[in-house]
Amino acid sequence: MPTMQNSLSVAANAVSANVLAGQLFEFLSQNSQIVLSCAGSAAGLNVTLLAGGVALINDQAINAANHFPVIPDDIITQEIVPAGARLLLTFRNTTGGALTAFWRVDVGQ
């Protein structure tokens with residue numbers, strides 16, 4: 001199962017750019033099962049996942065575990081996404097200080 005993962009700092013009261021931009025599976029070439037796992041460095045991070053313009057997760061709080069996602073503990077959602085869909089994954093910081101978002105997207109084909 002191909003995996004895309006990384007971490008990023010999200011500034012205070014800001015929303016990140018699409019962290020999947022430029023990734024190998026930003027655009028899906030076939031129907032795929034997507035598994036999104038996330039964790040944050042502290043409480044106050046929310047995640048949004050869009051697939052083909054449809055919100056699968058909309059501004060939901062994530063675990064404040066301060067480590068890369070552990071499977072299955074940090075799984076946020078598992079979805080079947082149709083071929084040709086573009087994936088958009090963003091994080092919103094609701095606090096007054098910068099936080100780190102740790103994310104992982106597994107693509108099953």
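The legends below describe close-up views of a predicted model. In this predicted model, local features need pLDDT of at least 70 and side-chain atom pairs count only at pLDDT 80 or more, while totals for chains, interfaces and linings use all residues. Residues are numbered from 1 along each chain as its sequence is written, and side-chain values use heavy atoms, with hydrogens and water left out.

**View 1. The salt bridge between R86 and E26 links distant parts of the chain.** The closest N and O atoms of R86 and E26 are 2.7 Å apart, where a salt bridge is a side-chain nitrogen of Lys or Arg within 4 Å of a carboxyl oxygen of Asp or Glu. R86 sits in the loop between β5 (75–81) and β6 (87–93), and E26 in the loop between β1 (3–10) and β2 (32–40), 60 residues apart; strands here are DSSP runs of E with at least two residues, numbered from the N terminus. R86 counts as partly exposed at 35% relative accessibility, whereas E26 counts as buried at 7%. Buried means under 20% relative accessible area, exposed over 50%, and partly exposed in between, with a 1.4 Å probe and protein chains only. By this salt-bridge rule the count comes to three.

**View 2. D59 and R92 form a salt bridge between two strands.** The closest N and O atoms of this pair are 2.8 Å apart. D59 lies in strand β4 (residues 54–61) and R92 in strand β6, so the pair ties together parts that are 33 residues apart in sequence. Both partners are partly exposed, D59 at 30% relative accessibility and R92 with a relative accessible area of 32%.

**View 3. Strands β4, β3 and β6 form an open antiparallel sheet.** The order of the three strands is β4-β3-β6, and two strands count as paired if DSSP finds at least two bridges between them. Because β4 and β6 stand at the edges, each with a single partner strand, one side of each is left without a neighbour in the sheet. The twist averages 10° from one strand to the next, with axes taken as lines fitted to C-alpha atoms and angles running from 0 to 180 degrees between N-to-C directions. Strand β3 (residues 45–51) is joined to β6 by seven bridges, and T48 has T90 in β6 as its bridge partner.

**View 4. S37 and D74 are buried and touch each other.** S37, found in strand β2, has a relative accessible area of 0%. Not counting residues up to four places away in sequence, S37 touches D74 and other residues including P69, F102 and W103, contact meaning heavy atoms within 4.5 Å. D74 lies in the loop between β4 and β5 and has no salt bridge, the nearest side chain of opposite charge being R104, 9.5 Å away.

**View 5. R104 forms a salt bridge with D106.** The closest N and O atoms of R104 and D106 are 3.0 Å apart. R104 counts as partly exposed at 24% relative accessibility, whereas D106 is buried, with a relative accessible area of 5%.

Technical notes
Helix = DSSP H or I, 4+ residues; strand = E, 2+ residues; numbered from the N terminus. Lys, Arg positive; Asp, Glu negative; His and termini not counted.
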